[in-house]
Structure formats: structure tokens, C-alpha cells
Amino acid sequence: MTRQWITSIGLDIGTSTTKLIASELLISQSQDQFTLPGCQIIDRRVTYASSIYTTPMVNEVEIDVEQLTQLLQKEYKQARVTLDQVHAGAVIITGESARKQNAEKIVHYLAEHAGNFVVATAGADLEGVLAAKGSGVIERSTQTDQTIANIDVGGGTANIALCQDGKVIETFTLHVGGRLIRLDKNGQVTYVSSYLTEFLDSISVLLKKGGKATFEQLSAICQHMAEETINYVKGISKASSLLVSPHTRSDIQPDTLLVSGGVGAMMKEKKPETLEEVTVHGDVGPLLAWHFQAWGVSPAPETARATVIGAGMQNTEVSGSTVYIRSDRLPLKNVPIVNIPVQQEEEWMPERFQERLQQALQQASTLFSEDDPPVALALSHFPYCSYKMLQQLTKAILAEFTACFKDAKCLVVLCEQDIAKALGQALAKQSKTLDIICLDQIDFTHGDYIDLGLPVAGEAISVSVKTLAFSS
Amino acid sequence: MLANSKKDPLETLKQFTPARIGVGRTGTRPLTRDVLQFRTDHAAAVDSVYGTVPESILSEFSLFSVTTQVESMEHYLKRPDHGRLLADEAKTLLQKNCLQTPDVQVVVSDGLSAKAIEENLGDVYPALIDSLESYNLQIGTSFFVKGGRVACMDQIGEILKPKALVLLIGERPGLMSAESMSAYMCYQPGKGKKESDRMVISNIHKRGTPPIEAAAHIGTLIDKMLQQKTSGVHLIV
């Protein structure tokens with residue numbers, strides 16, 4: 001058994017707050033001499049947690065990248081982490097901060113200042129998943145037969161993940177957060193998010209920037225906001241004007257609702273009674289927290305730092321440990337994932353697979369032909385793979401890949417099933433010139449892009465699956 | 001996607017094992033369904049011990065056959081030591097037909113489950129050859145040993161002097177799987193090799209260790225054995 005600790009960083013840049021954690025992941029490779037080697041992360045520990053900072057802004061929407069970098073340098077020093085020690089980690093840019101101009105700047109700037117293997121990521125879907133991991137709700141769902149909803153309420157958005165048996169089964173995001181309305185202690189409104197317009201109309205509350213808000217108005221808004229969130233999460237109402245992107249609510253009704261995020265952290269506090277008590281942070285966060293609690297919802301085991309813990313500790317996974325790599329290109333960043341089901345029919349039909357492959361790759365070639373590797377083929381829905389099927393897979397993949405990406409010299413294939421080494425060897429045998437990276441046992445359901453690190457234990461390499469869907 | 005159907009907790013536990021748990025009873029007796037299933041599985045296990053490997057699969061991979069000193073299945077079961085020794089004519093056949101001192105010698109044997117070879121050889125063997133070739137290893141002349149035991153590797157090693165040997169052999173069948181195969185590996189097999197010098201990847205079948213991935217991994221292990229000039233517990237993997 002070989003074991004190795006690696007350092008992983010998590011950084012969460014949200015609408016209202018920014019925080020950082022340093023953590024250590026213990027990677028263990030089991031080698032019992034009778035089976036194929038197995039590799040997994042067996043322990044994750046937070047070694048350092050920063051204080052919670054107000055996200056530095058240049059103006060209302062633009063993040064101050066320079067100040068952010070200074071903050072980061074100071075925190076790395078305090079955490080006693082140097083850049084070359086960092087083997088994994090993620091910067092997650094969340095909520096309203098994930099606007100395109102911010103995100104792209106941060107991605108470029110932080111690449112040099114956060115460490116080589118720290119990945120940048122955004123996207124409400126992934127954020128919900130990370131928050132549910134970091135809050136401890138996913139783990140709790142493995143201990144009961146209940147469906148648990150993690151509602152991560154931050155400054156700008158609420159990311160909801162429904163969890164069952166340790167898996168996230170549905171995610172969605174609502175425009176619900178503490179800083180969608182900002183005001184001073186006299187009730188002078190300094191900011192009302194435009195996302196709230198329709199909602200405020202529907203509850204007949206008139207609130208405008210520059211106007212004055214009363215305690216009763218704010219109470220009504222927060223109460224309705226909490227109610228609408230809870231009803232939608234519970235599946236009682238099937239539509240909401242607060243949805244960030246269109247979503248069809250399934251019939252899954254969670255048994256338990258838990259709140260994480262900054263608003264979750266304030267739920268244990270006593271009810272704010274006056275405007276002054278509401279506006280301690282210059283927003284409506286404390287009042288919103290109280291109303292969630294008033295609807296009988298409890299805070300999650302970890303609240304304010306849920307997303308950053310998820311990003312730092314849970315975002316890194318290791319691939320299977322029998323893999324095939326004939327390339328010196330690692331590490332690779334931001335490789336777009338193209339998912340192709342191997343077998344959708346009753347039986348394995350090589351022609352149908354090749355058709356799907358062709359279609360997907362042709363479409364991808366119009367978007368990502370610049371980089372090399374251009375894409376990572378992600379093969380899902382595997383039946384039992386015989387030697388004959390392996391040969392047919394190999395032939396189809398090489399034919400379609402070289403046809404769609406004529407200039408590409410590197411082929412990356414991810415398999416849901418434990419066949420990467422066999423497939424890699426078969427691909428390498430058929431193509432002497434291409435660089436080939438073939439990995440397996442990676443869950444790519446919740447991601448659009450993948451980062452591939454260096455081998456961490458035996459042949460297994462560290463990977464991060466992520467989304468980079470920046471809102472514009 | 002699962003709706004809110006509450007699963008029976010026992011069903012969840014049963015997913016972790018193919019063992020016969022939670023099968024129920026009627027009075028003090030097991031259900032007819034389970035008794036029949038048990039007897040079917042037992043019969044399949046017996047069949048795979050007493051079965052023979054079809055000639056067609058051996059000829060598909062051009063494997064010639066040799067025998068051990070075992071004359072019948074009863075004999076095989078009662079005298080494991082005889083399954084470790086080749087018949088006299090087998091030695092001459094090997095010397096006549098096989099490449100001497102190859103990097104790696106591949107041997108196939110029915111062992112305790114002919115069914116294991118029948119079901120898995122078609123996937124494991126060609127993938128194994130591909131894997132060994134990908135490491136540029138010189139592969140000896142493969143053959144089949146009828147009625148072999150694991151330690152027959154040693155005598156074959158004495159005769160052909162390969163640097164490493166892979167023996168694909170049928171495992172003792174159980175009531176879960178009667179078609180499970182093992183791959184035993186040894187660096188410079190020969191007289192006096194101990195169990196701790198051998199390595200094994202076991203439980204190779206459709207629902208166990210994936211056959212083609214096992215084959216691909218064997219190539220990596222053999223390559224490591226040749227580099228480190230050792231095997232078994234001494235090999236650093």
C-alpha cells in the first residue's frame with residue numbers, strides 16, 4: 001500500500017464574500033497482489049481556513065483583481081503554502097461574480113498566482129454540487145434513505161442540490177440571496193438587483209434604488225423569498241420567477257431541507273427586530289436567514305465555508321489506476337468534454353456508435369479545433385466490453401477523430417468503465433503517431449471541461465471535472 | 001431517474017454482494033425458488049470442473065495441447081502433485097514445438113474450470129498478446145496444458161527457460177461464478193520457486209475483474225518483472 005499526502009487549495013469568490021482554505025488529501029494505492037490495483041482518496045483534511053473577506057470590487061459588478069491577488073499572497077503565507085507545493089485545488093467564481101469579464105480576468109491572472117494545478121471554475125450547476133459536498137449534506141445522504149436538499153444561499157444566488165445515497169440527482173439555481181437588496185441603516189436603498197423586478201411586482205412591493213424601505217416591507221420580501229424557495233425545492237410549486245435558467249422541476253420531493261452558505265451561517269442568530277439590526281452588513285442577509293429558519297428549515301453541518309471546502313477538498317479526484325498514457329503533454333487544462341454513449345440500443349451496434357461519434361465530433365470540431373488535444377472523448381453507457389468490441393471501438397474512434405480534427409496530434413479518451421489500459425493499448429497499436437491519453441473511472445456527469453494533472457500514485461493521475469459556463 | 005420510491009433497506013444492502021442474503025423462508029425451510037437456484041449453481045460448478053475446453057477455441061489461437069501425469073478427473077482431484085508434472089511425451093513436444101528462452105511464455109490450462117477458459121480466453125488471450133507486444137516483448141510459442149495445476153509453471157520454466165511466464169488457468173468454481181479465471185505470473189519459473197515468487201490476478205470474468213483490462217495490466221506487470229528481474233512479493237509495483 002502506497003500513501004501520499006497532496007496539498008489542495010480552495011478559493012471561493014462569491015458575490016459578497018471571498019474565502020480560502022488549504023487542505024490535504026491522502027491518496028492511497030491498494031495493491032493486494034490478487035486484483036487490479038485500486039487508487040482512491042481516503043482522507044481529506046482542512047489544514048487552514050482563512051477569515052471571510054468582503055469580495056474586493058472596483059465598482060458594482062467588476063472584481064478588483066489586483067486586490068484579490070494581494071489577499072491571496074497574504075493568505076498563502078499565513079497558510080504556509082508555497083506555489084510549488086500545491087498539487088490540486090479549485091478557484092470557484094460564484095453567483096453574480098461569475099460575469100464573463102470578471103471570470104476571464106481571474107482565470108488568467110490567478111493561473112500564475114494560485115499554483116499550477118489550481119483550476120478555475122464557475123457555473124451554478126457545479127457550484128450547487130460543490131456546496132452540497134462541502135456542507136456535509138452528500139455525506140449525510142449516505143447515512144439515511146432520505147432525499148436531502150442542500151440550499152446554498154449566498155449573496156446573489158441560491159444553489160440547490162438534491163442528494164440521495166451520496167449522489168447529486170438534481171440541481172437548480174434561484175435568484176435568492178442576501179445582497180440582492182442593499183441598503184444603509186436608515187433604510188436608504190442603494191441597490192436592487194434587476195432579477196427581482198418580476199418577483200417584487202408579484203408580491204406588490206415597490207422598492208427602488210434611492211428610495212426608502214421600511215422594516216415591514218423588507219420582512220415581507222424576505223418571507224416571500226424564503227417561502228418561494230422552499231416551495232420550489234419541495235416540489236410544491238412547479239414554477240418560479242426567480243429561476244436563474246429554465247428548469248423543469250422533477251417529481252422528487254426531498255424529505256429534509258438544509259441551508260448552507262452565508263445565509264445559512266446566520267440562521268442561528270436571533271430575529272432582527274429593527275432596520276438597524278437587519279442592515280449590519282448593508283443588506284437583507286440576516287432577515288432572509290431568519291425567515292428560512294421560521295419556515296422550519298435548519299442550517300447544514302457546514303455553512304459559510306461549504307462551497308470553498310467543496311472546491312478545495314472535493315473537486316479533485318483520481319483516475320483509475322490502470323490507465324494508458326503515451327504523451328508528455330500532462331498536465332493539461334480546460335479540455336472540453338464530449339460525451340458519447342457507447343451503447344444506447346439493446347445490443348452493441350458499432351455502426352450506431354460510429355454515427356453518434358461522428359455527429360458529436362463534427363459539432364465539436366466547429367467549436368474547438370484550435371487546441372491540441374481539441375477535446376476529451378468521454379465514453380459512457382458501457383456494456384461488457386469484449387476483445388472484438390474493443391477493436392471496433394478503437395477503429396471507430398481513430399477514424400472519426402482523425403477525420404474531424406485533421407491537425408490534432410493528441411487523443412484523450414475518458415471511459416466510465418475500467419478498460420482504459422486495454423483501450424489505450426489498442427489505440428496506440430492502431431495509430432503510431434498520435435499521442436494517446438486514456439483514463440477511466442472518472443465521473444464526468446456534472447462537467448463540461450476536465451483538467452488532467454500528473455500521476456499521483458502509481459499510474460493514477462489527479463483530475464478535476466468542472467464547468468466553465470460564465471454568465472455574460 | 002429515481003422518483004421518491006423508498007427503497008427497502010435490505011435491497012440496498014443486497015447490492016453490495018452477490019451472496020445469498022435475505023432470501024427469505026417458508027416455515028423452517030428455504031423457498032423452492034432459492035433451493036432450485038442453489039442446485040443450478042452447484043450443478044454449473046460441477047460441470048465446469050468435469051467439462052473440457054472445446055477444441056475450437058484452442059485452434060482459434062493455434063494452441064497445441066499437452067497433458068500432465070493426470071489420467072482422469074478423479075485422478076486430478078485426488079493427486080494435485082501429479083497435475084504439477086508434465087507427461088513424458090509433453091516434454092519432447094515442448095522442446096520440438098516451442099521457441100526457447102523467450103522473454104515471456106504464455107500457457108493456458110483448464111485447471112479446475114474448463115468453462116473459465118471457454119468463456120474468457122477469447123477476450124483475454126488476444127488482448128494479452130497485444131499488451132505484451134506493446135512493450136516490445138518477445139513472446140514464446142503458446143500452448144495448452146490439460147489437467148494442469150499452478151505449479152506446473154516450474155517444470156515448463158525448466159524446459160523452455162523463459163524470462164517470465166504467464167499461466168491462464170481456470171479457478172476452483174464457486175456458487176457465484178463457475179467461469180472465473182486467474183492469471184499466475186512468475187519471473188524465471190523453475191525448481192524451488194515458492195508461492196511468494198508468483199503473482200496472480202484473480203477473479204477474471206465478465207462480472208469480476210474485466211478480462212481485457214486484466215490482460216492489459218498483465219503486460220505492465222510482466223514488463224516490470226523483466227526490468228526488476230524479480231516477481232512476487234519482491235516486485236515493486
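This is a predicted model: local features need pLDDT of at least 70, side-chain atom pairs count only at pLDDT 80 or more; totals for chains, interfaces and linings use all residues.
Author: Two strands are said to pair if DSSP finds at least two bridges between them.

Reader: In which sense do strands β4 and β5 of chain B pair, and over how many bridges?

Author: β4 (residues 164-170) and β5 (residues 181-187) of chain B run antiparallel to one another, joined over seven bridges. For one position in detail, B:Leu167 has B:Tyr184 in β5(B) as its bridge partner.

Reader: What is the order of the strands in the sheet of chain B?

Author: The sheet is open, with six strands of chain B in the order β1-β3-β2-β4-β5-β6 and mixed pairing. Its edges are β1 (64-67) and β6 (198-204) of chain B, each of which pairs on one side only. From one strand to the next, the twist averages 25°.

Reader: Which strands does helix α9 of chain B touch?

Author: Helix α9 (residues 211-228) of chain B packs on the sheet and touches β2 (104-109), β4, β5 and β6 of chain B. The direction of α9(B) makes about 10° with that of β5(B).

Reader: How should I read the packing of α9(B) with α13 of chain A: what is the angle?

Author: Angles of 65 to 115 degrees count as roughly perpendicular. Helix α13 (residues 420-430) of chain A packs with α9(B) at an angle of about 70°, the axes being 7 Å apart; the two helices are therefore roughly perpendicular to each other. The crossing of α13(A) past α9(B) is left-handed.

Reader: Which residues meet there?

Author: From α13(A), A:Lys421, A:Ala422 and A:Gln425 meet B:Ile212, B:Glu213, B:Ala215, B:Ala216 and B:His217 of α9(B). In general, an α-helix has 3.6 residues a turn, so residues three or four places apart point the same way.

Reader: How many residues of each chain are in contact across the whole interface?

Author: There are 28 residues of chain A in contact with 29 residues of chain B. On the side of chain A, the elements giving two or more residues are α12 (387-404) and α13. α13(A) gives the most, with six residues.

Reader: Is helix α3 of chain A mostly covered or exposed?

Author: α3 (residues 124-134) of chain A is mostly covered, with 11 of its 11 residues buried; among them are A:Asp125, A:Glu127 and A:Lys133. After α3(A) comes A:Gly136, which has a positive phi near 90°.

Key:
Residues are numbered from 1 along each chain as its sequence is written. Chains are lettered from A and ligands numbered from 1 in the order in which they are written. A residue is buried if 20 or more other C-beta atoms lie within 10 Å of its own, exposed if 12 or fewer, and partly exposed in between; C-beta atoms are placed from the backbone. Helices (H or I, at least four residues) and strands (E, at least two) are DSSP runs, numbered from the N terminus. Axes are lines fitted to C-alpha atoms, for helices over the stretch in contact, and angles run from 0 to 180 degrees between N-to-C directions. Two residues are in contact if their C-beta atoms, placed from the backbone, lie within 7 Å. Angles under 35 degrees count as roughly parallel, over 145 as roughly antiparallel, 65 to 115 as roughly perpendicular and the rest as oblique. A crossing is left-handed if the near helix is turned anticlockwise from the far one by less than a right angle, and right-handed if clockwise.
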